[in-house]
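Opening the notebook on a new model today.

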Amino acid sequence: MQICNVCSGETPKYRCPACRIRYCSLSCYKTHKANDTCQPLKQSVPPPVQDLNGAYSNVSAEDPWTVEDLLDDDQTDKVPLQRLRRLGKSEELRELLRNPHLRQLMSSLDAADSKADAIKTAMQEPLFVELSDQCLQIVEKNY
């Protein structure tokens, strides 16, 4: 279990958007910013990613995931990178993602201010539930 990087007293619930340290409250965030200890991470150019049509493009530099996130000791609700790579190789998933309605739904999720609320709403859509189920089946398969 991790502890807050600022007060060392609570379980952290948040990450600083600039330097990605973990903190537990608004008070700790303000302390972190006030102490001038925030050192923003350098943004690197992500590797090209192949889309469904076979074209390559760069992922947005504002991608919220970092290597630290993948290597973090806290494994709660995390899928190993090796299993996540299975998603990119799945023909069933590619077929689902060809659906224009699902693509529009995914775009609206990506653009939503409140991702948690948008996911809750999307989970009412049978097509999104089918996508979620398919993803889970792929990453949970034992080879």
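I started with Arg20, which sits in the loop between β1 and β2 (22–23). My strands are DSSP runs of E with at least two residues, helices are runs of H or I with at least four, and both are numbered from the N terminus. Arg20 is not a glycine, yet its phi is positive, near 70°. I noted this since most residues other than glycine have a negative phi. Is Arg20 buried or exposed? Arg20 counts as buried, because its relative accessibility is 15% (buried is under 20% relative accessible area, exposed over 50%, partly exposed in between, with a 1.4 Å probe and protein chains only).

Housekeeping before I go on: this is a predicted model, and I kept local features only at pLDDT of at least 70 and side-chain atom pairs only at pLDDT 80 or more, while totals for chains, interfaces and linings use all residues. Residues are numbered from 1 along each chain as its sequence is written, and side-chain values use heavy atoms, with hydrogens and water left out.

Next I checked Ser8, which is in the segment before β1. Ser8 also has a positive phi, about 55°, without being a glycine. Its relative accessible area is 48%, so I logged Ser8 as partly exposed.

What does Ile3 touch once its neighbours within four places in sequence are set aside? I found Ser8, Glu10 and Pro12 in contact with Ile3 (contact means heavy atoms within 4.5 Å). I also looked up Ile3 against Arg22: they are 19 residues apart along the chain, with C-alpha atoms separated by 7.9 Å. Ile3 is partly exposed, because its relative accessibility comes to 48%.

Then the record. An unreviewed UniProt entry annotates residues 4–38 as "domain: HIT-type"; positions are in the numbering used here, feature names are shortened, and such annotations may be inferred rather than shown by experiment. I get 26% helix and 11% strand over residues 4–38, with the end C-alpha atoms 14 Å apart.

Last, the helix pair. The axes of α5 (residues 100–111) and α7 (residues 126–140) come within 10 Å and cross at roughly 85°. That makes α5 roughly perpendicular to α7, a label that runs from 65 to 115 degrees. From α5, I listed His101, Leu102, Leu105, Met106 and Leu109 meeting Leu127, Phe128 and Leu131 of α7.

Technical notes
Axes are lines fitted to C-alpha atoms, for helices over the stretch in contact, and angles run from 0 to 180 degrees between N-to-C directions. Angles under 35 degrees count as roughly parallel, over 145 as roughly antiparallel, 65 to 115 as roughly perpendicular and the rest as oblique.
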